[in-house]
Amino acid sequence: MNNATALKTGLWKQFVPYLERTSKWWYILFGIFFLGFIFGLVGLYTQITEGHIVTGMRDNVVWGMYIVNFIFFMGLSYAGALISGVLHLFRSEWRGPIIRMAELTTIFALLIGPCFILFCIGRLDRLHYLIMFPRIQSPITWDVIAISTDIIGCIIFLYLSFIEDFAKLRDRTEARFSGWRKKMYRILALGYTGTREQKKHLHWARNVMAAMIIAIAIIVYSVLAWIFGVTLQPGWHSTIFGPYFVIAAVYSGTGLLIILMALYRKIYHLEAYITKGHFVKIGVLLLIIAAFYGYFTFSDYLTKWYGSAKMDKVLIDKLFTEFYFVFIFSNYIGILLPMIIMAIPGLRTIRNITLAAIVAVVGLWFNRYLIVIPTLETPYLPIQDIRMAWIHYSPTWVEWALFIAGVSVFSMLMMLASKLVPIISVSEMETVEEEIALKEKNVQSAKA
Amino acid sequence: MKYLISNSFSGIVTLLLTITLFPGFLFAQSQEDETTEKKSTSLSLVLTRKAGGDYQMKASLAMMTETGRTLLKGVDITFAGGDDLSQIIGKQKTNLKGSTVFTFPKDRLSLPNEEGFRTFGAVYAGCDTLEPTEDQISVKDLMIEVTSVEEDSVRSIHAAAWSVGNNGDKIPLTETDIVFYVPRMFSYLKIGEATLDSSGTAVVEFPGGLPGDETGHITVIAKVEEHDVFGNAEGETRVGWAVPARLIMKDSYRALWSQIAPTWMIVTLIIMLAGVWGHYAYAVYKLVKIKKTARKLST
Amino acid sequence: MKCMITLKIIPKDNNMEDKSNSRRQFLKLGAGAGAFALAGLTAGKLLSAGQENNANSGKKIKVLTTDGRVLEVDESQLADPSLDVVVDKDSSHLGIENRKFVMVIDLAKCKNARACVEACVEGHHLPSDHEWIKVYLLQNSEREAPYWFPRPCFHCDNPMCVSVCPVGATYKRTDGIVLVDNERCIGCKFCMTGCPYSARVFHWNDPPELHETAPYSPETTFPHKEGTVGKCVFCADLLRKNELPRCVTACPMGVIYFGDIVEDTVTNGMETVRFSELIRDRAGYRHLESLGTEPSVYYLPAVNRQFPYERGFDGLDPKQKERYENTAAYKINPLLKHE
């Protein structure tokens, strides 16, 4: 317990200055991301005023980079949810410093992801028709229901994990918070004082929500995969797509978590809390997921290539010619490199693990690109009798602008969040310590 | 970026071309169009004597241009009878394809001349840019009687064609081809062809498996076509030998394209949503409990 | 009698008044197309001649004849063709009673004359780059013969596009026709990825505004709407008047047969035959039957063909020809010039 208290106070000391004051560099970085956001707004304005003609999408490739980004961001979010849910339910001892980041990733990516599908929709003014005239048979309706359910679930889960910290922030009278902040912390803390009864209620609510989050994450990402899987298009019409997408999502989410750990560790000097041990543990998790992900990728392409149904063959030929380097990068390097780094203990440095994570995340984005674009460029009826310029898809500046804006908004939100609450869940650290102490006590009593 | 530049470049080029070239183009065109001479027009007519004795005329109006015929829409065509087309029966506008079908009712037909010919015509009055035009057709009445005969389970359609002589006697039409049709949505479907024999009759077998209406009835038309004297003439009868045809929708209970989703899908969705949202409600209930205990403590 | 067609000089400075009209004329001329036009008088509006009761509104509209002449007529004398065929939205959801439409395309007769495409574009007032019927040059395998393959919407009996629509904007009627309600469509394009035949097109930008006054009907899908999907409607508006679809009547070769499967009859406007006999005798088939979409469009294989397929390139616009240059059938043929 003493150890835990020491850690706790240390952590508070570490964070309070960051919560109280903001450095110059924070503003500069935030400004850069804000410019990215503005760039996206310009792109969006262009698209709204001039129509979707400003994008690279045409009658064959009707879904372009927007949908790639949509699946990508949704992937990041479910992964965060899965990790935080699993880590919480299984009471992993090392979850303390990273669970908050996972939760924040979840909620922010989940708010950004669906925006990309909105950019892709031709008539935003009729968006409410999705609720007014829903057809249960359409996977898009499933998606609307699933994503909104997921967003609400994630908000509840996140809030539950914040209550204890809000209560602590409220009680820290020595910190110089402004008036509105104090008020906000007081309201959000719900009068939580950590009585045994309150702890029990909170414990149950969090357990239930953690389980729900895992279930929903799997369902939602499967539904997303089925948008592609249920169609007859070569390359999409695959039964493996549901689980394949889920595992790919976890892969990208874990990768992002490692990147964020490295960033926050450096910026907030959290070397004492986020140790190499954490990196190795989550890196091993990345290794296991990479193995599964590689296995799914391999089975998907193996069956397509071995069977070589006409359109599958055309598609695979295209992937290995036109998209050769992208394919090699995303499906070979993007899977094998992280595995090699994690498999050889000598290579497991924090820098290498972070590098592996970056390769994994970028590779996965390209994997999504390879799922969406080449298939649409390979319809059953060959693309003919159409303007030559309409045959191949390449994203325009508008699509890039909105992608940059998406990344910028995510970064901005992460930066803002770390200003409002400690990026390491102090209460979580405490709980973990308590759990460890309890376990030790049990072991001792068992010995006696 | 490359794409963007090339795109906007071509857009600018198009715009410039539109602005700069178009007025010039129009001007050049209008120089040619100064001529005010009228365009010649032509009418083409198809006349058919229908089963009841009415005559039906299809008239198509075209304007002659350097490149060929151009059909004219929404133009008034006057339909008239009598040798000099003096007896006006009615007026109708041409449709989108430049033609119109007009019926001369049998009680308003012009009287036949001494040789038994009736004259039917169509007139286009012209306007300040189009020449007037007219055309006419003279035919004799040809009566066609169609009957159905079922003998030893052989179903046949009989047609007898005759004209009426000066003294009122029936003169059979012989050695002439006659075609048997059933009317369909867009056109006539041919079911047989025969030659009228010396007694002026012809027989064809009624084909099996032909869909009719819901009760299995179908109209059969016998038609003499493009005859030098009689033109086109039809006779008809109705038989009950067709296969009753009714559209049956094969509505699979697994169909996903229907308006309402399959039951299992709705049930699954409701169960899943109830399960998930039930747990959410539980979590929120726990939050309320926390708040309540807090209030209890403070009081 | 006063006539409304007047040929007169168009003043040079006042010819940009109607921007959309003039642009369309320009596009038409630029493409060198429009040789086939039912009326010959286009620019979106149809010309009706010889009306007497028209009060002169004074506003002159320029129209273009097929032979390249510009006519100027009084606006009030232009008949709007979409006005007299419009069926309201509720009725357009119901099929024509006791009918089930079917199309048969005789590949042996097609020589890429493109009359079907032009009549369709013209008749439905489609913006440029929108073609509801396309003519593909297909070759099933290397040693098989290439053939021209006109592809309208297949109006499938198990339509994937309808299944995936999240708002019920696209629907199938009892007479088999699949329509799109452009006032419901949210533009998610799921139907476009769902359709295995690439039969749907998207209004990527604002379509030129012609016939602003015409009431909208899914049977005409007109006026077109930005950000929504369009596709072949089997000319549902003409069917209500017992008239054949535009591509059928336009085809000079009689390639396309159309009819009602309930009365087992199809016609190409020249001959009328029993559907079942045609399919039986000519070994009719449906394209990509294995996908299970149950199309309403049948094909007759290109046997005993009337033209070698190379004839399909004759008289083709260079721009149009370019569109086929990436096909294997084009590349391997020594008869076709490869500049």
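**Helix packing and cores**

Guide: Helices are DSSP runs of H or I, at least four residues, numbered from the N terminus. This is a predicted model: local features need pLDDT of at least 70, side-chain atom pairs count only at pLDDT 80 or more, and totals for chains, interfaces and linings use all residues. Residues are numbered from 1 along each chain as its sequence is written, with chains lettered from A and ligands numbered from 1 in the order written.

Visitor: At what angle do the axes of helix 9 and helix 13 of chain A cross?

Guide: Roughly 140 degrees, and the axes come within 8 Å. Axes are lines fitted to C-alpha atoms over the stretch in contact, with angles from 0 to 180 degrees between N-to-C directions.

Visitor: New topic. How many residues has the largest nonpolar core?

Guide: 211, and Tyr221(A) and Val104(C) are among those with the most contacts inside it. Such a core joins buried Ala, Val, Leu, Ile, Met, Phe, Trp, Tyr and Cys through C-beta atoms within 7 Å. Buried means 20 or more other C-beta atoms within 10 Å, with C-beta atoms placed from the backbone.

Visitor: Which helix gives the largest share of this core?

Guide: Helix 13 of chain A, residues 350–376, with 16 residues.

Visitor: And the second core?

Guide: That separate core has 50 residues, including Trp162(B) and Phe230(B).

Technical notes
A residue is buried if 20 or more other C-beta atoms lie within 10 Å of its own, exposed if 12 or fewer, and partly exposed in between; C-beta atoms are placed from the backbone. Helices (H or I, at least four residues) and strands (E, at least two) are DSSP runs, numbered from the N terminus.
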